[in-house]
Protein chains: 2
Amino acid sequence: MARIEDIANKLNVSKGTVSKALNGAPDVSETLRKSVLETAVELGYSRYQRKKGAKCLCIFVENMSYAEPKDFGYDIILGFRKMAEPGGYTVEVVDLTPQLQHEIPYDEYMLQQNYAGALFLGLSLADEWIGQLRTSRTPAVLYDNYIQDNPNTTYVGVDNSEGMHLAIDHLWQLGHRKIGYLSSAMGAYVYQVRYSAFQRAILQYDPHWDEALSGSAYLTTDCLQKHLPRLLDGGVTAILCSHDQLANSVMLHCQELGLRVPEDISIVGFDDLPISAYTAPPMTTVLQDREELGKSAFYAMNSQLRDTPVSTLLLHAKLIVRSSTGPAADRTPRVG
Amino acid sequence: MARIEDIANKLNVSKGTVSKALNGAPDVSETLRKSVLETAVELGYSRYQRKKGAKCLCIFVENMSYAEPKDFGYDIILGFRKMAEPGGYTVEVVDLTPQLQHEIPYDEYMLQQNYAGALFLGLSLADEWIGQLRTSRTPAVLYDNYIQDNPNTTYVGVDNSEGMHLAIDHLWQLGHRKIGYLSSAMGAYVYQVRYSAFQRAILQYDPHWDEALSGSAYLTTDCLQKHLPRLLDGGVTAILCSHDQLANSVMLHCQELGLRVPEDISIVGFDDLPISAYTAPPMTTVLQDREELGKSAFYAMNSQLRDTPVSTLLLHAKLIVRSSTGPAADRTPRVG
């Protein structure tokens, strides 16, 4: 591991100057400060090693509303804090905007802010920093994102294979034999994983399952207008959705089309968002235990900081059966 | 959760009798003791809940030699103990013989022995208890085995996908373009996972990779006599093996055939067994950090005992480059 001395030697400045630059002292020019940070990153110098007392972790959220009590991130952050703070860490929540990612490289930002490690909630495959995470040396725990070959990253999430299997098994027991799948666009790792998990699971029950009974789109309206009619025409009696918000939209849209849920069609979500117990009807969905996810994320972070890297940590999935699913209706496919 | 009272009611005996039977008191008949244990299991009664002070965990090994210092299990057991014992647990190592599995159901054995949970090292898909683990209510951590849909089991292992990717990338950088794969029989979950991981990874580098360049067999001699000649005739310049022992046999056999390792052929193992640094030549292989696996297994066990079930916990893989790999030789396929 690089020391302050190494940075000083490389830049031909004094150790004191490097130290001042790293601490953001006002008497160091912006150009020099930038060189010092860049060199520090290049040499693999870690802020964590610099100041043993200063243990600060950050949680990046793609959208600050994500961190509000009604939303998905809140309990994850809570769980993470519950483990981190008694361990002597402070935890800060940071808005992960495209601007931030564009302005400063990830490692440099972490060093500048004196963060020992980061938890990412909701990084998409199009995010600028995701490429940098492949080679970053700063401990990072990624909720629902997997980066191969970088020991400094851990993927934390729910066991999507198990979740899909539980959901399909539930529908199958209810007599459903034509099951459709709708998803958000595959630009997020987790939607790719869920769709493959769905495919593997459905083929165990129905080896002749037809891919035409599935569809994905970036916009929910495209999903509803482009794919849903095809699924309904194909005679599906149940639709599994990649996440609860989509499931709720599908449910509402089916009802607008005059279909009763679950009498005419069963709908299953994924995530068990706080609102999903209050949709009409209340939604059958796959639970992710969010507080436990946060705690597990801290365990993974701690393993990173102790240099014993965890690659993947998945929690068991659990099916929450509510009223959006019921016995299969007799829906013979509409004739063209 | 069932209490002693529930067992007593169900069997129409006194609570004292149930308690005596559970504790193996000599004045309870063998028949009654058996009924009590069976009823306890049936009702989901947990020994752990019965006696808060008695916290004992067990580690099942398929073969006691596995637990010796030179072998794979030793450091896993050590790591597990390092975490468990300061936490107030005692840990016992138990020989997992077919006889034991045949004599007594798993849950019943755990209850009888007063074990709060078990770590399994080396369970094969043919083992009698593996079926019971699908529905067992006793916390179990399985090294290199994944059981879907039972929240009481956790799969702990190394990230095999990452390991295979690292190994293939290393060979590709050395100029290898025809890479073969040899494996033990697919009767073990981990060999299935590694073979799929190998396939996924090799297809990223060589979309036209031919499955004929791979082979698996229960007996190493079958691998050497049945598959190895085909791979060599097919012109492979490198062979990746499912585990170190096989890699060492392949290496020796290639040398007997007059091929130099790595000048004529490169060989890569998987596991980094203690002996693999001392083979001739020392073996390039994928490291599993065994002590950390043991520690992670305890973390998973502890999560089970706290009712926050982890499904999967994988450690990062690491490639250890030694001398069994080198630049690709010019090996044009032998003609007829």
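Reply: Axes are lines fitted to C-alpha atoms, for helices over the stretch in contact, with angles from 0 to 180 degrees between N-to-C directions. The model is predicted, so local features need pLDDT of at least 70 and side-chain atom pairs 80 or more, while totals for chains, interfaces and linings use all residues. Residues are numbered from 1 along each chain, chains are lettered from A, and side-chain values use heavy atoms.

Me: At what angle do helix 1 and helix 2 of chain A pack?

Reply: Helix 1 (residues 4-11) and helix 2 (residues 15-22) of chain A pack at about 110 degrees, their axes 8 Å apart; helices are DSSP runs of H or I, at least four residues, and strands of E, at least two. Helix 1 and helix 2 of chain A are therefore roughly perpendicular (65 to 115 degrees).

Me: Which residues meet there?

Reply: From helix 1 of chain A, I4(A), E5(A), I7(A) and A8(A) meet K15(A), V18(A), S19(A) and L22(A) of helix 2 (heavy atoms within 4.5 Å).

Me: What classes are they?

Reply: This contact has five nonpolar, one polar and two charged residues. Asp, Glu, Lys and Arg count as charged; Ala, Val, Leu, Ile, Met, Phe, Trp, Tyr, Cys and Pro as nonpolar; the others as polar.

Me: Changing topic, how many aromatic pairs are there?

Reply: Over all chains, 35 are found (ring centres within 6.5 Å).

Key: Parallel < 35°, antiparallel > 145°, perpendicular 65-115°, else oblique. Phe/Tyr/Trp six-rings, centres within 6.5 Å; stacked < 30°, edge-to-face > 60°.
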